[in-house]
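This briefing concerns the fold, the surface and the side-chain pairings of one protein chain. Please consult the sequence and the structure shown here while reading.

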Amino acid sequence: MMHAIQHLSTVEWDDRNLIIAGFSLLLGVGGLFVAGEAYQALPLVIRIMLKQAVVVGGVPLITLHAILNRDRITAGYAKA
């Protein structure tokens, strides 16, 4: 947990990154309040994955960061 906090301290918290983090947090926490009956039609593996807040919030976080910050990521690699 402390390692994650250390990584978050280096993030430039502009509007774009706040929206990405907020949306992913909303999905991760919001998924905890979905009724168990809503998952019954899904295969077991997908049910297990959707009940994990880290997966439900983490996948959109990584995906949105890669898509919406593509210009910053490529600019960072160009400097190196």
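The points that follow are grouped by topic. This is a predicted model, in which local features need pLDDT of at least 70 and side-chain atom pairs count only at pLDDT 80 or more, while totals for chains, interfaces and linings use all residues. Residues are numbered from 1 along each chain as its sequence is written, and side-chain values use heavy atoms, leaving out hydrogens and water.

**Overall fold**

- The chain contains five helices and zero strands, where helices (H or I, at least four residues) and strands (E, at least two) are DSSP runs numbered from the N terminus.
- The radius of gyration of the chain is 16 Å, well over the 12 Å that the globule rule gives for 80 residues, so the chain is more spread out than a compact globule. The radius is taken over C-alpha atoms, and the rule is 2.2 Å times the number of residues to the power 0.38.
- The C-alpha trace spans about 50 × 25 × 20 Å along its principal axes.
- Of the contacts (heavy atoms within 4.5 Å) with a separation of 6 or more, 61% are between residues 24 or more positions apart.

**Surface**

- Buried residues account for 14% of the 80 residues in the chain; buried means under 20% relative accessible area, exposed over 50%, and partly exposed in between (1.4 Å probe, protein chains only).
- The chain exposes about 6400 Å², of which carbon and sulfur atoms supply 72%. Accessible areas come from the Shrake-Rupley method with a 1.4 Å probe, and for residues only the protein chains shown count as cover.

**Salt bridges**

- The count comes to two salt bridges, each defined as a side-chain nitrogen of Lys or Arg within 4 Å of a carboxyl oxygen of Asp or Glu.
- Arg 72 and Asp 14 form a salt bridge at 2.3 Å, N to O. This pair links distant parts of the chain, with Arg 72 in helix H5 (residues 70-79) and Asp 14 in the loop between helix H1 (2-9) and H2, 58 residues apart.
- Arg 72 is partly exposed at 34% relative accessibility, whereas Asp 14 is buried at 19%.
- Asp 71 and Arg 16 form a salt bridge at 3.6 Å, N to O. Asp 71 lies in helix H5 and Arg 16 in helix H2, so this pair ties together parts that are 55 residues apart in sequence.

**Ala 21**

- Ala 21 lies in helix H2 (residues 15-30) and is partly exposed, at 25% relative accessibility.
- Not counting residues up to four places away in sequence, Ala 21 touches Trp 13 and Leu 61.
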